[in-house]
Amino acid sequence: MSSPEFSLIGIYTCYLLIVSRNCGLSNSSLLRPNLTDHGTFNIFRPEQPMDELEIKYGTFPEKLRLKMVDDAREMFYFGYNNYMKHAFPMDELNPILCSGRGPDYNNPLNININDILGDYCLTLIDALDTLAIMGNVTEFQNAVRLVVDSVNFDKDNFVQVFEVNIRVLGALLSAHLLITDKNQPFGQLAPHWYKGELLHLAHDLASRLLPAFENSSTGIPHPRVNLRHGLLKDVDTAGASTETCPAGAGSLLIELGVLSHLLGDPVYEGHARRATKALWNCRAKSTGLVGNIIDAKSGEWKGRLSGLGAGLDSFYEYLLKAYILFGDSEDYAMFESFYRSIKLHMRKGRAECNHGEGDHPLFVNVDMNTGHLHTTWIDSLQAAFAGVQVLHGDIEEAICTHALYYFIWKRHGVLPERWNWKNLVPDVTFYPLRPELVESTYLLYQATKSPFYLHVGYEILQSLNQFTRTECGFATVHSVTDMSLEDRMESFFLSETTKYLYLLFDKDNYINKRYEKFVFSTEGHIFPIEARFRKKAWAFGNTSDLPMYSFNVSEPSCNKIKEERQYFLPLKSKYLLQISKIFGIEIL
């Protein structure tokens with residue numbers, strides 16, 4: 001039986017896996033099939049000529065790839081520079097009016113704004129590690145200086161614990177770790193004056209979030225806190241609500257765990273782990289699933305929808321990534337149990353992605369107690385699940401999960417927030433520049449090295465420029481029915497959407513050459529996979545060193561695919577044609 005640390009390394013190599021020797025394949029993935037003048041011959045399948053789709057998607061010109069690196073970089077800086085010019089120090093950019101946006105003080109119940117915006121230079125903080133990854137040392141140092149000089153969390157603002165954790169706390173910690181990395185792989189990022197100021201800010205912020213945990217009898221944190229006053233009982237504020245979701249309460253462990261290790265203080269990780277375990281203990285015993293809304297005060301489920309999208313997505317993601325980062329076997333055991341239940345109750349369509357007959361595979365929303373169909377819509381956040389499947393080593397399933405959302409994008413030009421798979425129409429029509437499809441595209445490219453995913457990234461980048469670019473930034477698509485725009489550029493556009501596009505095409509980036517060294521948070525922030533984060537300086541339930549069989553779970557492993565699959569379409573032509581016909585899209 002493998003040790004937990006060996007399993008940790010093994011499962012993370014599944015992150016960008018199938019082309020690596022860790023899964024039994026050579027590094028020949030950088031090669032492409034040799035085509036004759038007629039473009040049909042290949043050395044792996046000489047008895048069957050390449051079809052039109054394989055020829056179309058089988059290569060991606062190097063000149064075009066280099067142009068896409070430049071275009072993705074330009075996209076980031078167009079948004080970033082306009083934010084700095086028109087919006088800083090406010091939280092977000094209004095890209096149509098060319099102005100800044102902060103909390104809605106006139107309407108405290110406007111949680112669409114106030115959950116996220118807290119008057120703390122949000123977009124600048126969220127973009128810090130993107131600047132580093134792009135190698136802009138000068139602007140990174142300038143941005144760090146501005147954050148240190150401008151940001152103060154002592155504000156009388158109610159904010160959502162989840163959003164502040166992933167966007168602000170995660171960004172501060174990621175930037176601090178980049179600065180203090182003795183190897184400085186992205187250039188000499190460390191300012192000469194730096195003495196841990198970003199970590200101090202992160203510590204201050206996390207301490208202001210603690211009342212959400214300390215005042216919970218269930219272990220599930222309250223969804224919102226006032227940054228100055230903690231929890232208030234005022235019924236006229238959004239902070240009075242105790243209803244939260246698994247993603248909101250259970251996607252805190254990466255950031256709070258890293259903070260605990262950096263400070264040598266187990267309090268933060270302890271609260272995050274208690275929340276995760278509380279949600280686990282509230283799962284339905286009949287199905288092994290959780291719902292989408294739970295009362296933090298009583299532990300009672302208020303929403304029985306179980307799916308992979310909004311309210312649930314990053315909960316599963318963080319169970320797996322927390323295991324990768326911290327090496328606690330119980331995190332992986334919980335993830336694996338949920339994954340089995342998800343595939344048993346939510347997955348519909350043919351049994352295998354690339355074999356057999358039947359409908360294209362689809363994960364649907366079900367009732368957490370019965371496993372019966374709950375809705376006929378899926379949402380855009382579910383597009384990230386293909387990336388989780390890559391990380392888990394279930395590449396074939398990831399290919400099909402991704403393909404569905406890619407064709408929804410192709411049909412509408414962007415990804416509508418909700419899409420009805422029964423009626424083949426959007427149910428909720430806006431698109432707020434979300435990164436989930438780009439993220440999965442990037443991860444699948446790293447796992448397969450198939451040029452198909454470069455073509456997908458190319459189409460996404462072109463669509464964003466065509467439909468969302470404004471005079472001074474990129475705007476939310478208000479409705480995919482007419483491509484009308486809404487005056488908002490959320491911070492994740494710079495922390496995730498543009499970052500993943502850039503990394504997709506920048507094959508020589510340090511991240512892509514040393515992928516085993518990093519894990520991405522759900523906000524796209526990078527955290528180094530280091531032994532210091534896996535040292536058990538404290539114990540939470542004494543489960544971290546137990547072997548997997550103690551949890552009735554097999555050791556993590558990579559699912560090997562045939563080597564020649566690297567050279568053909570990830571989804572076979574007949575299945576691509578099947579799904580394109582359903583959407584009424586010509587792909588030849």
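UniProt, in an unreviewed entry, lists Glu163, Asp313, Glu417 and Glu436 under "active site". The structure looked at here is a predicted model, and two of these annotated residues, Asp313 and Glu436, are a handy place to start.

Asp313 sits in helix α14, which covers residues 313-326. With a relative accessible area of 16%, Asp313 counts as buried, because the cut-off for that label is under 20%. Setting aside neighbours within four places in sequence, Asp313 is in contact with Ala247, Leu308 and Leu381.

Glu436 belongs to helix α18 (residues 436-448). Its relative accessibility comes out at 11%, so Glu436 is buried as well. Once residues up to four places away in sequence are left out, Glu436 touches Ser380, Leu381, Ala383 and Ala384.

Phe88 and Pro89 are joined by a cis peptide bond, with omega at about 10°. Pro89 is found in the loop that runs between α3 (62-86) and β1 (92-94).

Then there is Leu424, which is not a glycine but still has a positive phi of about 60°. Leu424 falls in the loop between β13 (418-420) and β14 (425-428), and at a relative accessible area of 25% it is partly exposed.

Lys449, also not a glycine, has a positive phi of about 60°. Its place is the loop between α18 and α19 (451-467).

Conventions: Residues numbered from 1 in each chain as written. Predicted model: local features only at pLDDT ≥ 70, side-chain atom pairs only at ≥ 80, totals over all residues. Heavy atoms only, no water. UniProt positions renumbered as here; feature names shortened; annotations may be inferred. Helix = DSSP H or I, 4+ residues; strand = E, 2+ residues; numbered from the N terminus. Buried < 20%, exposed > 50% of the residue type's maximum accessible area, 1.4 Å probe, protein only. Contact = heavy atoms within 4.5 Å.
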